[in-house]
Amino acid sequence: MKPKEYLSRYAAAERHIHYLEEQKERWHRRATRVTPQYGPAPGGGSGVSKPVEDALVQAMETEEEIAAEISKAAGLLREIRAAIDAVPDAIQREVLKRRYIGMQSLEKIAGEMNYSYHWVRHLHGRALQAVAVPQEDTP
């Protein structure tokens with residue numbers, strides 16, 4: 001994978017985390033919205049109806065799966081930040097952080113850093129060459 005493609009995964013991972021957090025909240029609302037119906041509990045059970053119990057268990061399991069997926073995506077964010085932080089040149093690092101973490105255009109970066117657009121393009125290209133992309137695990 002090329003450095004630019006690798007670093008661009010940061011934005012996708014952030015969007016995915018946001019989506020997963022919304023899903024987790026939706027499942028939490030479903031679980032708390034379920035209204036149990038109590039009745040006599042034959043055999044000394046809790047008295048909570050089976051469909052309600054099943055819905056709560058499903059919601060909790062789904063929330064756990066979502067939390068695991070969020071953790072995985074957050075790991076990718078940390079990995080990409082570490083790859084950027086490993087770039088030796090501070091200015092190149094700043095360009096990469098602004099571009100891939102801050103989602104700024106090269107034009108905006110140039111204006112905020114008081115460099116010409118062409119110089120920022122040059123810095124960006126050099127910075128990409130300095131990024132060490134982790135090798136993918138291929139079985």
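Q: What share of the 139 residues in the protein chain is buried?
A: This is a predicted model, in which local features need pLDDT of at least 70 and side-chain atom pairs count only at pLDDT 80 or more, while totals for chains, interfaces and linings use all residues. Residues are numbered from 1 along each chain as its sequence is written, and side-chain values use heavy atoms, with hydrogens and water left out. Taking buried to mean under 20% relative accessible area with a 1.4 Å probe and protein chains only (exposed is over 50%, partly exposed in between), the buried share of the 139 residues is 29%.

Q: How many helices and strands does the secondary structure of the protein chain have?
A: Helices (H or I, at least four residues) and strands (E, at least two) are taken as DSSP runs numbered from the N terminus. Read from that end, the elements run α-α-α-α-α, and the totals are five helices and zero strands.

Q: Is Gln 92 buried or exposed?
A: Gln 92 is found in helix α3. Leaving aside neighbours within four places in sequence, Gln 92 is in contact (heavy atoms within 4.5 Å) with Val 87, Leu 123, Arg 126, Ala 127 and Ala 130. Because its relative accessibility is 12%, Gln 92 counts as buried.

Q: What is the volume of the largest pocket?
A: On a 1 Å grid over the protein atoms alone, a pocket is an open set of points where a 1.4 Å probe fits, with protein on both sides within 12 Å along at least five of seven lines, and lining residues have an atom within 4 Å of a point. Here the lining consists of Arg 9, Ala 12, Ala 13, His 16, Glu 69, Lys 72, Ala 73 and Leu 76, with α1 and α2 as the elements that give two or more residues. Grid points are joined across faces, edges and corners, and the volume, being the space filled by probe spheres set on the points, is about 170 Å³.
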